[in-house]
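I opened my notebook for a first look at this chain.

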Amino acid sequence: MVRLNVRGFEIHKSFLDPAAQAALIEALKPVLKAAPLFTPTVPSGRKMSVRMTSAGKLGWVSDTQGYRYQSDHPLGQRWPQIPSKVLEVWRDLAGGVRDPDCCLINYYGEEARMGLHQDKDEADFSFPVVSISLGDDGLFRIGQQARGGKTESIWLNSGDVVVMGGPARLTYHGLDRIRFKSSRLLPKGGRLNLTLRVAT
Ligand SMILES: O=C(O)CCC(=O)C(=O)O
């Protein structure tokens with residue numbers, strides 16, 4: 001396992017071996033059944049290319065009213081619990097005072113991407129965001145703590161885990177593109193990204 005530090009983001013390459021990745025996918029299947037992926041709309045009315053859902057006490061949603069955490073899926077049901085195998089990754093890497101209350105699940109199909117943004121809808125930035133990559137390779141871009149300026153990119157592969165904390169907690173980041181079908185973890189291809197967050 002190799003650990004890199006890019007602008008304060010700790011990148012744990014191959015943190016999860018193939019068996020652990022497959023176990024996470026199994027654990028996520030009932031979550032995705034109970035809380036199906038949906039296509040969020042951003043406040044301007046444009047649809048995001050990434051499909052999303054959440055697990056935990058709170059889930060992150062976006063619609064024409066804005067970005068927020070809420071206790072229900074847009075279809076009305078409570079979010080399912082965060083699987084224990086996912087929590088284990090957080091407990092191993094996040095410095096462990098408390099568990100996250102949200103696991104945002106992003107699914108990137110062939111054309112999906114996520115623009116540069118800060119994760120700033122949470123109440124307390126002293127907790128890190130822990131991000132788990134599963135499936136196809138994704139080109140992750142890291143910017144600065146304010147909009148603009150030079151960026152640096154790194155390919156994230158299945159099993160990599162990124163910890164965004166400390167002074168880098170509010171650093172801009174995004175995902176430019178995936179290498180569709182570069183992994184066989186998800187039978188139909190694509191990339192799942194889980195971000196564990198303390199929202200409240
Ligand atoms: O997909 C990724 O690796 C990044 C996801 C992300 O930036 C987010 O959910 O805020």
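In what order do the four strands of the open sheet stand? I noted first that the model is predicted. Then I traced the sheet and read the order as β7-β12-β9-β10. The pairing is antiparallel.

Next I checked the edges. β7, residues 114-117, and β10, residues 152-156, stand there. Each has a single partner strand, so one side of each is left without a neighbour in the sheet. I looked up the twist too. From one strand to the next, the twist averages 25 degrees.

I reminded myself how such pairing works. Strands of a sheet pair through backbone hydrogen bonds, either parallel or antiparallel.

Then I picked one pair. How many bridges join β9 to β10? I found five, with β9 covering residues 137-142. These two strands run antiparallel. I also looked for a residue opposite Ile 154 of β10, and Phe 140 stands there.

I stepped back to the whole chain. I listed two helices and 13 strands. The C-alpha trace spans about 40 × 40 × 35 Å along its principal axes.

Why does the radius of gyration agree with a compact globule? For 200 residues, such a globule would have a value near 16 Å, and the chain has 15 Å, so the two agree.

Last, I checked burial and contacts. Buried residues make up 38% of the 200 in the chain. For contacts, I took pairs at least 6 apart in sequence. Of these, 73% join residues at least 24 apart.

Conventions:
Residues numbered from 1 in each chain as written. Predicted model: local features only at pLDDT ≥ 70, side-chain atom pairs only at ≥ 80, totals over all residues. Pairing = 2+ DSSP bridges. Axes fitted to C-alpha atoms, helices over the stretch in contact; angles between N-to-C directions. Rg over C-alpha atoms; globule rule 2.2 N^0.38 Å. Buried ≥ 20, exposed ≤ 12 C-beta atoms within 10 Å, placed from the backbone. Contact = placed C-beta atoms within 7 Å.
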